[in-house]
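Notebook open, model loaded. I want to go through a few spots one by one and jot down what I find.

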Amino acid sequence: MTGGERRLLGRWGESLAAAWLRERGWRVVAAGWRCRFGEIDLVAESDKYIIFTEVKLRKSAAFAPARAFVDRGKQERLRTAAQLYLQEHPTDLQPRFDVAEVYAPEGMDTKRPEIFYIEDAF
């Protein structure tokens, strides 16, 4: 799989997770937000929280669950990026870090991708 194909597949997974959040009443305010520290896949808000969601798309959990790929280093980069986001977009909402696991065995041809959402993941 080429880098472009991987990015397209990742964006597809992020759009599935964004739709999942919207269905549950969240307002997605940013997707693929980039800064010098990295990228935040999704930023969403409710009346109480602003969530920074890392989306991990995998074919299966046979090797390890998708959340296992959000290691300590990735968590630190996400925290730093979130601090910068909050400096640029001040809010009184409580920040939270979530992980969305998207499983799509046939990639974008998967008829029913599974989404497992972990609130307050780190």
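Where is the place of Asp71? I found Asp71 in the loop between β3 and α2. My labels come from DSSP runs, numbered from the N terminus, with helices being H or I of at least four residues and strands being E of at least two.

Ground rules before I go on. This is a predicted model, so local features need pLDDT of at least 70 and side-chain atom pairs count only at pLDDT 80 or more, while totals for chains, interfaces and linings use all residues. Residues are numbered from 1 along each chain as its sequence is written, and side-chain values use heavy atoms, with hydrogens and water left out.

I looked up how open Asp71 is. Asp71 is partly exposed because its relative accessible area is 43%; buried means under 20%, exposed over 50%, and partly exposed in between, using a 1.4 Å probe and protein chains only. I also checked Asp71 against Phe122: they sit 51 residues apart along the chain, and their C-alpha atoms are separated by 10.0 Å.

Next I went to Gln75, which lies in helix α2 (residues 72-88). Is Gln75 buried or exposed? I put Gln75 down as buried, because its relative accessibility is 19%. Not counting residues up to four places away in sequence, Gln75 touches Val70 and Phe122 (contact means heavy atoms within 4.5 Å). For Val70 I have a polar contact too: its backbone oxygen is 3.1 Å from a polar atom of the Gln75 side chain. I call it a polar contact when a pair of N or O atoms is within 3.5 Å; within protein, one must be able to donate a hydrogen and the other to accept it, and residues adjacent in sequence count only if both atoms are side-chain atoms.

**Entry: Ala17**

I moved to helix α1 (residues 3-23), where Ala17 is found. Ala17 counts as buried because its relative accessibility is 1%. Which residues does Ala17 touch, not counting residues up to four places away in sequence? I noted Leu42, Val55, Ala100 and Ile115. I also took the C-alpha separation of Ala17 and Tyr117: 8.6 Å, for two residues 100 apart along the chain.

**Entry: strand β2**

I traced the pairing of β2 on both sides. Strand β1 (residues 27-35) pairs with β2 in the antiparallel sense over 7 bridges, and a hairpin through 2 residues joins β1 to β2. I count two strands as paired if DSSP finds at least two bridges between them. Arg27 has Glu45 of β2 as its bridge partner.

With β3, the pairing of β2 is antiparallel over 4 bridges, and the hairpin joining β2 to β3 runs through 3 residues. Here I found Val43 opposite Phe52 in β3. Why do I call β2 largely enclosed by the rest of the structure? Because 7 of its 8 residues are buried.

**Entry: the largest pocket**

I got a volume of about 490 Å³ for the largest pocket. A pocket here is an open set of points on a 1 Å grid over the protein atoms alone, where a 1.4 Å probe fits, with protein on both sides within 12 Å along at least five of seven lines; lining residues have an atom within 4 Å of a point. Grid points are joined across faces, edges and corners, and the volume is the space filled by probe spheres set on the points.

I listed 19 lining residues, with Arg6, Gly10, Glu14, Val55 and Leu57 nearest the centre. The elements giving two or more residues to this lining are α1, β2 (38-45) and β3 (49-58). The largest share, 6 residues, comes from α1. By type I wrote down 5 nonpolar, 2 polar and 12 charged; Ala, Val, Leu, Ile, Met, Phe, Trp, Tyr, Cys and Pro count as nonpolar, Asp, Glu, Lys and Arg as charged, and the others, Gly among them, as polar.

I found Thr110 in the loop between β4 (94-103) and β5, and Thr110 counts as buried at 8% relative accessibility. A polar atom of its side chain lies 2.8 Å from the backbone nitrogen of Glu106. For the backbone oxygen of Gly107, I also read 2.8 Å to a polar atom of the Thr110 side chain.

Last stop was Asp120, in the segment after β5 (114-118). Asp120 is exposed, with a relative accessible area of 55%. Its phi is near 50 degrees, a positive value in a residue other than glycine.
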